[in-house]
2 protein chains.
Amino acid sequence: MTTEYSGGGDLSFSLKIMWRGGERPSRGPKPGLDLTRIVEAAIRVADAEGLAALSMRRIATELGVGTMSLYRYVPGKAELLDLMLDAVYGEDIDLEQDPGQEAARLRAGGWRAGLEEIARGSWALHLRHPWILQVSQARPVLGPSSITGLEIAMRLLDGIGLDDFQMMKVISLIDSYVTGTARLAVEAGQAAQRTGVSDEDFWQAQGPFIMRFMSDERFPTLTRAAEAGVFTVDDGDGFGFEFGLQRVLDGIEAFVAAAGREHPAPGTG
Amino acid sequence: MTTEYSGGGDLSFSLKIMWRGGERPSRGPKPGLDLTRIVEAAIRVADAEGLAALSMRRIATELGVGTMSLYRYVPGKAELLDLMLDAVYGEDIDLEQDPGQEAARLRAGGWRAGLEEIARGSWALHLRHPWILQVSQARPVLGPSSITGLEIAMRLLDGIGLDDFQMMKVISLIDSYVTGTARLAVEAGQAAQRTGVSDEDFWQAQGPFIMRFMSDERFPTLTRAAEAGVFTVDDGDGFGFEFGLQRVLDGIEAFVAAAGREHPAPGTG
DNA sequence: TCCTTACTGGGTACAGTGTACGAAGTTATG
DNA sequence: CATAACTTCGTACACTGTACCCAGTAAGGA
């Protein structure tokens with residue numbers, strides 16, 4: 001139970017095989033396996049059983065091969081995690097399509113609507129693959145998918161009055177918000193599964209402690225809020241994702257408006 | 001290399017020992033150790049050597065005791081992680097002080113300044129203990145420190161025109177933003193240490209790939225931004241934390257203003 | 001045709017992990 | 001002083017990633 005580290009191994013290997021398939025050598029037996037199948041199997045296992053269950057042996061079993069055979073295709077687990085990340089990042093991205101086209105589509109409803117769509121897509125991605133945030137990216141390995149996604153986002157914001165640094169910071173802000181919220185949501189979702197304790201059991205275990213120590217005079221506001229149901233009632237906006245997203249976008253919109261006032265430029269929305 | 005899971009073990013144990021010290025039994029030899037020393041040693045190791053180096057054996061060595069002796073004080077590693085989290089969360093919080101006093105102090109400069117202080121404190125905490133976000137909190141174990149911190153934040157926002165749900169969402173938003181950004185910062189900071197690859201070496205390894213594949217016609221915006229230095233130039237606002245924080249607070253401020261207009265209430269700032 | 005070379009598959013082994021179990025030592029109580 | 005309760009902690013087990021090595025396979029050269 002320790003954060004799995006990607007990017008720990010041979011960096012240029014990861015980059016090489018991510019950016020173009022390696023050329024098959026001429027001699028020797030034909031490989032019975034390929035990287036794509038390994039990565040897919042690994043993602044399948046991680047999705048279904050969690051990252052803790054993702055061992056090299058488990059992947060090999062899934063594929064019906066010997067454990068060490070995997071090391072003919074990938075130098076180590078760290079690189080495999082790199083590849084898994086790039087694979088899932090690419091789920092919503094068509095690498096063949098020109099990023100400009102996708103950016104243009106996103107811009108159609110204005111840059112704010114475009115950012116919203118990107119944020120919701122990323123949010124859904126994290127819920128679909130709850131292990132993503134458990135892979136500690138030592139350093140972001142710039143695979144084709146993340147690069148393309150970044151280009152799309154940058155082009156979406158290009159020309160609305162921000163400089164390159166400001167655009168990047170806006171994108172980082174959205175990313176930080178989405179991943180921060182996703183972390184909460186994902187961990188809460190996994191809790192029941194992993195601990196074998198349902199949400200109800202959990203709050204029943206916590207409840208007595210919460211109530212005992214909260215009903216005293218030290219925590220009046222929290223007591224009131226708990227009684228109002230903030231911990232238990234679900235208003236449909238899971239973990240306040242939509243609420244927070246709108247606040248963040250409001251803040252960005254104000255900034256863009258101010259920047260436009262300082263340096264008037266041909267705006268978009 | 002897998003995310004460490006807190007909250008996986010006996011939940012009521014964690015809660016009990018967090019909320020009050022256990023009573024010493026009368027018979028038997030006096031314990032040569034105590035929980036506090038174990039938790040402190042564990043935090044020391046995690047701070048200095050990273051979570052990956054934090055094994056029960058390592059902690060025992062640090063304390064000069066046998067590995068299994070630790071299990072007389074803590075049921076397992078998961079609970080120890082719970083305790084480590086509550087301990088560091090409590091670093092900036094005086095549990096003896098009335099939360100209301102601290103909230104009043106924070107409110108002095110207005111609720112926005114108070115939120116800013118909380119956010120910066122949390123940011124600093126995560127940089128001080130880079131392992132915090134690598135501990136996947138199955139479910140947030142509500143220890144005294146986090147409860148007190150939450151009460152302080154709630155009381156800071158109380159009476160500015162938001163209901164309890166809205167207050168909680170605002171606090172979650174700040175938390176999500178801070179942790180999301182901290183994750184980026186912490187992982188980048190740990191990368192050099194763990195991989196033995198310096199920042200320069202890293203960008204030199206990535207550089208050729210970045211340039212080769214970005215200079216083509218598919219990534220014009222990113223190419224321009226990279227040449228402008230967005231990936232390499234440091235403008236002092238590490239990872240855009242301050243930039244993003246101000247955008248988030250702007251968004252919250254607009255929301256508070258709108259809520260105040262709908263349901264006029266005695267405001268604060 | 002057969003040897004050489006290059007490759008793939010995968011078994012075994014090793015150092016590391018968390019922790020269950022149990023034996024041995026220590027202390028307060030009857 | 002025996003007993004019960006408690007401590008310390010060595011050993012053992014199932015698990016991990018992966019280094020090393022050997023057997024088997026396929027293509028190129030003689």
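These legends accompany close-up views of a predicted model.

**View 1. The protein surface around DNA strand D.** Welcome to the DNA side of the model: 28 residues surround DNA strand D, and the closest are R57(A), Y71(A), K77(A), M68(B) and R72(B). Sorted by class, this surface has 12 nonpolar, nine polar and seven charged residues.

**View 2. Polar side-chain atoms at DNA strand D.** Y71(A) instead places a polar side-chain atom 2.9 Å from a phosphate oxygen. From chain B, Y73(B) has a polar side-chain atom 3.1 Å from a phosphate oxygen of DNA strand D.

**View 3. Aromatic pairs between the chains.** Over all chains, the count comes to six aromatic pairs. One of them is F243(A) with F255(B), edge-to-face at 4.9 Å centre to centre and 90 degrees between the planes. This pair crosses from helix α11 of chain A to helix α11 of chain B. F243(A) counts as buried because its relative accessibility is 11%, and F255(B) is also buried, at 16%. F255(A) and F243(B) are edge-to-face too, with ring centres 4.9 Å apart and planes at 90 degrees. These two residues lie in helix α11 of chain A and helix α11 of chain B, respectively, so the pair joins two chains. Both F255(A) and F243(B) are buried.

**View 4. Arginines over the rings.** R247(A) lies over the face of F243(A), 4.8 Å from the ring centre. In chain B, the charged end of R247(B) sits over the ring of F243(B), 4.8 Å from its centre.

**View 5. An aromatic cluster in chain A.** Here, W123(A), Y177(A) and F241(A) form one aromatic cluster.

Terms used
Residues are numbered from 1 along each chain as its sequence is written. Chains are lettered from A and ligands numbered from 1 in the order in which they are written. This is a predicted model: local features need pLDDT of at least 70, side-chain atom pairs count only at pLDDT 80 or more; totals for chains, interfaces and linings use all residues. Side-chain values use heavy atoms; hydrogens and water are left out. A residue is near a molecule or strand if one of its heavy atoms lies within 4 Å of it. A polar contact is a pair of N or O atoms within 3.5 Å; within protein, one must be able to donate a hydrogen and the other to accept it, and residues adjacent in sequence count only if both atoms are side-chain atoms. Ala, Val, Leu, Ile, Met, Phe, Trp, Tyr, Cys and Pro count as nonpolar, Asp, Glu, Lys and Arg as charged, and the others, Gly among them, as polar. Rings of Phe, Tyr and Trp (its six-membered ring) pair if their centres lie within 6.5 Å; planes under 30 degrees apart count as stacked, over 60 as edge-to-face and the rest as tilted. Helices (H or I, at least four residues) and strands (E, at least two) are DSSP runs, numbered from the N terminus. Buried means under 20% relative accessible area, exposed over 50%, partly exposed in between (1.4 Å probe, protein chains only). A charge sits over a ring if NZ of Lys or CZ of Arg is within 6 Å of the ring centre and within 35 degrees of the ring normal.
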